[in-house]
Amino acid sequence: MSDDYINKIISINLETLIKKENLIGLASGTKFKDGINTGEKCIVVFVSKKVSENNLSPSNIIPNKLENVKIDVIAVDTIKPQIHKNLFALSSLTLSEWEQL
C-alpha cells in the first residue's frame with residue numbers, strides 16, 4: 001500500500017474527519033503498537049487527547065479503518081511543521097511556544 005493511496009483515502013474522507021473533536025492533524029504513516037513501530041502502513045490521526053468511545057458522541061468516533069486502511073490514533077499536545085533535509089516533521093510545542101512563532 002503506497003503513501004499516495006493512503007493520502008487519496010485521507011482526501012476523500014477529509015471533510016468528515018476534520019469535524020472530529022480533538023483532531024489536530026492527519027498523515028500517512030506507519031502503525032505503532034505498544035510503542036513499537038510495526039511497519040504497517042496506515043492513516044495516522046493526531047488528537048489532543050485520547051478519549052474512550054464510551055465518552056464520545058457517535059459523530060466524534062474515529063473508525064478503526066477507512067476503505068481497508070487501518071487508522072492509528074496518536075495523542076499529541078500541539079504540533080509544528082519543521083523543515084529538515086527537505087522533509088517536514090512534527091514536534092510537540094506548548095501553547096505559549098506556539099504563540100511565540
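Residues are numbered from 1 along each chain as its sequence is written. In this predicted model, local features need pLDDT of at least 70, side-chain atom pairs count only at pLDDT 80 or more, totals for chains, interfaces and linings use all residues, and side-chain values use heavy atoms, with hydrogens and water left out.

The sheet is open and has 4 strands in the order 1-2-4-3, with mixed pairing. Strands (E, at least two residues) and helices (H or I, at least four) are DSSP runs, numbered from the N terminus. Two strands count as paired if DSSP finds at least two bridges between them. Strand 1 (23-33) and strand 3 (65-66) each have a single partner strand and stand at the edges, so one side of each is left without a neighbour in the sheet.

Strand 1 and strand 2 (residues 36-47) run antiparallel and are joined by 9 bridges. Along this pair, Leu26 is opposite Val45, Gly29 is opposite Cys42, and Phe32 has Asn37 as its bridge partner. The two strands form a hairpin with 2 residues between them, and Asp34 in the turn has a positive phi of about 55 degrees.

Strand 2 also pairs with strand 4, in the parallel sense and over 5 bridges. Here Phe46 has Ile74 in strand 4 as its bridge partner. Strand 4 is in turn joined to strand 3 by 2 bridges, and these two run antiparallel. Lys65 stands opposite Lys70 in strand 4. Strand 3 and strand 4 form a hairpin with 2 residues between them, where Glu67 in the turn has a positive phi of about 50 degrees.

The largest pocket holds about 270 Å³ of space. On a 1 Å grid over the protein atoms alone, a pocket is an open set of points where a 1.4 Å probe fits, with protein on both sides within 12 Å along at least five of seven lines; lining residues have an atom within 4 Å of a point. Grid points are joined across faces, edges and corners, and the volume is the space filled by probe spheres set on the points. Of the 16 lining residues, Val51, Glu53, Leu56, Ile62 and Val73 are the closest to the centre of the pocket.

Confidence is given as pLDDT, the predictor's confidence in each residue, from 0 to 100. For the protein chain the mean pLDDT is 79, and 76% of the residues reach 70 or more. Confidence is highest in strand 3, at 92, and lowest in strand 6 (residues 87-92), at a mean of 42.
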